[in-house]
Amino acid sequence: MHNPGTATPERFPAQERFADGAQFIAGRLTKGTSGRTHAVVDPATGEEVYTYELAGPDDVDAAVAAARDAFPGWASATPGERSEALHRFAAVLAERAEDFARAESLQCGKPLKLTREFDVPGTIDNTAFFAGAARHLQGQSAGEYSGDHTSYVRREPIGVVGSIAPWNYPLQMAAWKILPAIAAGNTIVLKPAELTPLTSLLFAQAATDAGIPDGVINIVTGTGKEAGERLVGHPDVAMTSFTGSTAVGKRVAEVATATVKRLHLELGGKAPFVVFDDADLEAAVNGAVAGSLINTGQDCTAATRAYVQRPLYEAFVERTAALMETVRIGDPFAAGTDLGPLISHVQRDRVAGFVDRARAYARVVTGGEAPQGDLRDGAYYRPTLVADAAQDSEIVQSEIFGPVLVVLPFDADEEGIRLANDTPYGLAASAWSSNVYRANRATREIKAGCVWINDHIPIISEMPHGGYKASGFGKDMSAYSFEEYTQVKHVMFDNTAVAAKDWHRTVFGDR
């Protein structure tokens, strides 16, 4: 069942690419076999823009079989051949950049200027990076470490990778899963969130059009319970990579453990934003607003807890609230829009629940409501600043995933760092200071996979992304991600052709 929905060609120029279904298996689009449908909804309007058949277990099995069949050929390709294919892939992505930007804005509610300037260029850059990195999968140097034996280490692909991506950055998360896996010689089956499958499917189509062989990249779009668990538990899947909430990550780990799979988890976050009293206040305020509202706060690295040293606390609260009130909320496709809707009304109501409950124990300085008027049908929520909450309160400890920043004061430097570390999460953090010694201490003592100094949120393809503690383990992006998607083999051979006989005599004596 293909329903093009209500989106105009201007908003969704690539819609005809999805006429054959939302499953991409062995190089072509097909319809799902679950017997159930799902609608992609424009969160800015609440209107359905695309309805498709969900994947069932048979679709997952077919996708895994396609990836398994494609693996020997792709794994045996030279690094140079894989690199050339990825360079072509990057070129196709660049040619179709506007299609990707509009589809991402439509399904997620992201401002078009964000998808044009951040999501799509970042994905193209990531593809270009792995095109080059594919040629640098070397093992370790050979040497004689035991008598007349030479040893060396081979780095080899794992096999079929089963990945699950979230709805907040569907294009970039598809790229972060797919690119290091295939650059290393693996094949992959990706399950995007059923809310946001469009750009993952466009991504797989672009790869095929660039000449990447059929079956190397497969997409199954279904529910987590039906398609996701089938993929994670499939006996022919050698590795699982998951990005999403910590709660679901625990379930993924439980299912994957049953078949002893390699596991990579990038989970939730509750990023602290620590402002010392010698910080540039204007820069910190601007960083806090940008860092907390990026992607309408639906970012696991977004600034969510601002700890401000007491001499700057009141001024920080006042200026941050004032700057938040200037943020323009509206249609993601309008040129002047700074902030789009949340992904759904369900998510909007969840965010509102956190803020409404916080009114009993904290001060809502600005925001804390959904806008009305022309935006009433969308999943919008105003930028919200909450002050004076207790450290152990729900709004400080729980991941909200919305445009909400909580601000708390601290006195001594040690207290600020202690509070920053005082949640189960450890994905990202930032520290703001003009003193190099304070900044260096923060980078050393804050327990997070990324610590920015006097900035918050930028990422680059050359550097790793991944968390500590309940934020998971393993790295996306950078050459470090190859550690996730490869396995090492020790090769040892006898240079004299007599060592085996000597070893036999040592163990068993002369015969």
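**Domain interface and salt bridges of the predicted model**

Across the interface of domain 1 and domain 2, one salt bridge is found, the term denoting a side-chain nitrogen of Lys or Arg within 4 Å of a carboxyl oxygen of Asp or Glu. The structure is a predicted model, in which local features need pLDDT of at least 70 and side-chain atom pairs count only at pLDDT 80 or more, while totals for chains, interfaces and linings use all residues. Residues are numbered from 1 along each chain as its sequence is written, and side-chain values use heavy atoms, with hydrogens and water left out.

Domain 1 comprises residues 23-135 + 152-266, and domain 2 comprises residues 272-453; such bounds come from an automatic or database domain assignment. The centres of domain 1 and domain 2, taken over C-alpha atoms, are separated by 31 Å. To the contact between them, domain 1 contributes 22 residues and domain 2 contributes 25 residues, where contact means heavy atoms within 4.5 Å. About 1,800 Å² is buried between domain 1 and domain 2, and carbon and sulfur atoms give 61% of this area. Buried area is the accessible area (1.4 Å probe) that two parts lose on being put together, summed over both.

The salt bridge between Lys113 and Asp338 has its closest N and O atoms 2.9 Å apart. Eight residue pairs are in polar contact across the interface of domain 1 and domain 2, both residues of each pair being at pLDDT 80 or more. A polar contact is a pair of N or O atoms within 3.5 Å; within protein, one must be able to donate a hydrogen and the other to accept it, and residues adjacent in sequence count only if both atoms are side-chain atoms. On the side of domain 1 that touches domain 2, α3 (97-108) and α4 (112-133) each supply at least two residues. The largest share of that side, five residues, belongs to α3. Helices (H or I, at least four residues) and strands (E, at least two) are DSSP runs, numbered from the N terminus. By class, this side of domain 1 holds 10 nonpolar, eight polar and four charged residues. Here Ala, Val, Leu, Ile, Met, Phe, Trp, Tyr, Cys and Pro count as nonpolar, Asp, Glu, Lys and Arg as charged, and the others, Gly among them, as polar.

Asp338 also forms a salt bridge with Arg328, with the closest N and O atoms 3.0 Å apart. Both Arg328 and Asp338 lie in the loop between α10 (310-324) and α11 (345-358), so this pair ties together parts that are 10 residues apart in sequence. Arg328 is partly exposed at 48% relative accessibility, and Asp338 is likewise partly exposed at 29%; buried means under 20% relative accessible area, exposed over 50%, and partly exposed in between (1.4 Å probe, protein chains only).

The count of salt bridges comes to 31. Among them, Arg251 pairs with Glu229, the closest N and O atoms being 3.0 Å apart. Arg251 belongs to helix α8 (residues 246-257) and Glu229 to helix α7 (residues 224-233), so the pair ties together parts that are 22 residues apart in sequence. Arg251 is partly exposed at 33%, as is Glu229 at 23%. A network of salt bridges links Lys225, Glu229, Arg251 and Glu254.

Gln205, located in helix α6 (residues 198-209), is buried, with a relative accessible area of 10%. Neighbours within four places in sequence aside, Gln205 is in contact with Arg17, Phe24, Leu29 and Arg96.
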